[in-house]
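Subject: Structure handover

Hello,

Here is the structure you are taking over. Please open it first, then read the notes below.

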Amino acid sequence: MSVPDEREFSDFFRREFERVVRTVYLVLHDQQSAEDVAQDAFGQLYTNWTTVGGYDNPQAWVRRVAIRMAVRTARRESTRRALTRGALPGWAKPERDLDLAVALRTLPAQQRAAVALHYYEDRPADEVGTLLGCSASTVRTHLARARTRLAELLADEEVDHAE
Amino acid sequence: MLSEDRVRAGVRRIANGVEVDTDAHLAAVLAKGRGRGDAANARLPARRRRPLLVPLGAALTVAGVVAGGTALSGMLGGTGSDADRAPLVVVLPGTPDGTVPSVFAHTRESAAALLRDRGLEVRYGKQISCDPAGRPTGTAPATGTRVQRGDVVTVLLSYQAANTDCASDLLEPWRFVDFATSRGPAPQFAEEVDLYVDGVRTETLSGTEAAEGDWGATSALSILADGSERVVRSEQEVGDAYLMPQLQVNEGTPPDSWCGVARPRAVAAREALTLTLDFADVPLEPRCPARVALYETGGAIDTVVAWSEAARGSDLEPIPDVVGLPLVEARDVVTAAGYPARVEESETCHPRRGVVEQAPTQRAVVEDSVDDPGWYGPVTLVVEVPHTTRDCAGLDAAVSGFLRFARGGPPPEWTPEVQQLFGYAPWDTVTADTADDRAAWSFCSGVAPESCEVSPLVVAGREEDVESGEFVDYSRFPGDEVCELIDLGGLPTSGLPGRDREVVLYPAEIATCDDDWSVTLWIDDSGRIVAVNLLVPRGSVPAVE
């Protein structure tokens, strides 16, 4: 078994890790979970670095693993929350841009992932589709629905404040 | 809808507020990857372990802990000078005649009846176990011991002492096994119950049908019932030894695959109660112990995923690339390769022929080979169909009218007041008469329209091939580039028709991002243009930025 080139991997890790954590954070809204997921994804990357490191786009590989783990985690969390109504661990943490942050949490996990990859990472819809395992048209639908939903929620917020 | 810029800016603010100790994480990943120290227990920075009722990978074993079984475990593992010689282990459908049968998965009553049928006299004893109290945990003499008619066999019944430490309530797992072996009532089922065997959805039963227990020849119930009958025989120098199976119970998300068969996509990462029938100290390969995962919502089982003892991952054929083929042909090609085909219809005003997209592609699966060892689910084929809710003809007519005007023709139909937007921010509101004047469409303050590039008429009018639709086609972007257009936010939330009356125009092809632009038209039910928004590339309007 060949040994991964640690120097090369470390350079890549330092370039990409924080951004992946941030992307995953937009899906999970829990920094510790986001770091867990990103670290697991990079752990898988390290195991496969001798192969994946030679890909044209290893950062897409690790993102795909991370974002799918994040979506799975988010869905599991949302099911768990639905089953244990009331207790919302991690939701009390103060955040930046609170209104949008709160509104984002109400989106389904896949929509949050699409928003993170498109608006934070600036990836076009077909690339987001490849990462999420769905078609580009589905991504566009996710994004349009997300923006519509966010607009509704933020408009409600403004009305509430006005009152 | 919220402007793209507002979402983008907000999302970036949120994400960029997350600070990470990258070097600490890197050190942890490298340490684990190299296997330094006790890798399995390596404490990684900032990692929170969520406690599970029964941790995955540390399954609670809840049967087959009889005295004879303990001794047998040692023999199966090999001891002393025999340690290098693996014992011959055979899985059998039951013990031979003239021996004590396995009472695994029996109730007290059915165990007694089984032994009496063989001419044995039954007594009862107790054994500490986490099984529900009163449930048989084994026999003395042990399973497989040679006996004669009239011999006494003691059925050991589970009990918990005051200090017995059991991690979980095992009533529910055993209740399902009892149901599978027709020794107990049905558990609670949801209104519909999806059944999967070896990765394939075999049936969807109503809750009533599920409770009747007739799930077919190969089902979760038959797999558990057959698996319960099995015993292992190990040939030893001192004679054959037999071992009952054990019921292992896990809570949490089942592994991605078991015996080479992936967990069905439909259950995603849902948590389940997973029951596995296995034998202690018997190597897994090449057997595949029976396993059933129960998925519940609100205490009612809605999905049952089973892996039979015959479960084997197959050598999968590559997923064929069928984009561009007619749907029927594409479906045949995908099916012939061994994948179920699923068709997704995408409504559009101008459907293209054939399959326009597929998910996944073989390349995506290969690149994702760690996350998903293979693709066992359906291949989604996307085809475009005519819109059923959108007034395509009316919208097309308005778009044509606008393009004609942009190219120097007569003005289109406007509403009495027309909103002009630049970067989704209000620019001006003009009357219909003013809108007829091309000069009113210059978004360059104080610059003649013919000299102003920032005009929806100019950008749309000079383009030969203009596309229109509900969304901009991002796949036009050159290379890996993401073209950003000026988006100032502030789209009015009222006064505009809904999304089904919104059309975006954009150049069909662009060589660089500097060539990109988009014009959005909002059109009322009478086909009149209510509002026009212009987006142009960043860098093209320094004064605005």
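Among contacts in chain B between residues at least 6 apart in sequence, what percentage join residues at least 24 apart? For chain B that share is 67%. Two residues are in contact if their C-beta atoms, placed from the backbone, lie within 7 Å.

Some ground rules. This is a predicted model, in which local features need pLDDT of at least 70, side-chain atom pairs count only at pLDDT 80 or more, and totals for chains, interfaces and linings use all residues. Residues are numbered from 1 along each chain as its sequence is written, while chains are lettered from A and ligands numbered from 1 in the order in which they are written.

**The two chains**

Chain A has eight helices and zero strands. Helices (H or I, at least four residues) and strands (E, at least two) are DSSP runs, numbered from the N terminus. Chain B holds 12 helices and 24 strands.

Of the 163 residues in chain A, 53% are buried. In chain B, 35% of the 545 residues count as buried. A residue is buried if 20 or more other C-beta atoms lie within 10 Å of its own, exposed if 12 or fewer, and partly exposed in between; the C-beta atoms are placed from the backbone. In chain A, residues 24 or more positions apart make up 66% of the contacts with a separation of 6 or more.

**The cores**

The largest nonpolar core has 59 residues. A nonpolar core is a set of buried Ala, Val, Leu, Ile, Met, Phe, Trp, Tyr and Cys residues joined through C-beta atoms within 7 Å. A:Val24, A:Val27, A:Ala66, A:Ala70 and A:Val115 touch the most other members. Helix H1 (residues 6–28) of chain A gives this core its largest share, 11 residues. Leaving out residues up to four places away in sequence, A:Val24 touches A:Ala34, A:Val37, A:Ala38, A:Ala66, A:Ile67 and A:Ala70.

A second, separate core has 53 residues, including B:Tyr196, B:Ala241, B:Tyr242 and B:Ala290.

**Helix H7 of chain B**

Helix H7 spans residues 220–229 of chain B. Its buried residues are B:Ala220, B:Leu221, B:Ile223, B:Leu224, B:Gly227 and B:Ser228. They lie on the same side of H7(B), because they cover an arc of only 165° around the axis. The arc is that of the directions from the helix axis to the C-beta atoms. These buried residues pack against helix H5 (171–180), strand E6 (189–197), strand E13 (272–278), strand E14 (291–297) and strand E15 (300–307) of chain B.

**Strands E16 to E18 of chain B**

Strand E16 (residues 341–348) and strand E18 (residues 379–386) of chain B run parallel, joined by eight bridges. Two strands pair if DSSP finds at least two bridges between them. B:Glu347 has B:Val385 in E18(B) as its bridge partner. Strand E17 (residues 355–359) of chain B runs antiparallel to E18(B), with four bridges. There, B:Ala359 stands opposite B:Thr380 in E18(B).

The loop between E18 and H10 of chain B contains B:Asp391. B:Asp391 counts as partly exposed, because it has 16 C-beta neighbours inside 10 Å. B:Asp391 and B:Cys349 are 42 residues apart in sequence, and 8.5 Å apart in space, C-alpha to C-alpha.

Helix H10 (residues 392–406) of chain B has 15 residues. From first C-alpha to last, H10(B) reaches 21 Å, close to the 21 Å expected at 1.5 Å a residue. The expected span is 1.5 Å times one less than the number of residues. Its buried residues are B:Leu395, B:Ala398, B:Val399, B:Gly401, B:Phe402, B:Phe405 and B:Ala406. Their arc of only 160° around the axis puts them on the same side of H10(B). Just after H10(B), B:Gly408 takes a positive phi of about 105°.

An open sheet of six strands runs E20-E19-E24-E23-E22-E21 (chain B), with mixed pairing. Strand E20 (425–431) and E21 of chain B are the edge strands, and each pairs on one side only. E21(B) and E22(B) pair in the antiparallel sense over four bridges. B:Gly469 has B:Val504 in E22(B) as its bridge partner. H10(B) packs on the sheet, touching E21, E22, E23 and E24 of chain B. The direction of H10(B) makes about 130° with that of E23(B). Axes are lines fitted to C-alpha atoms, for helices over the stretch in contact, and angles run from 0 to 180 degrees between N-to-C directions.

Best wishes
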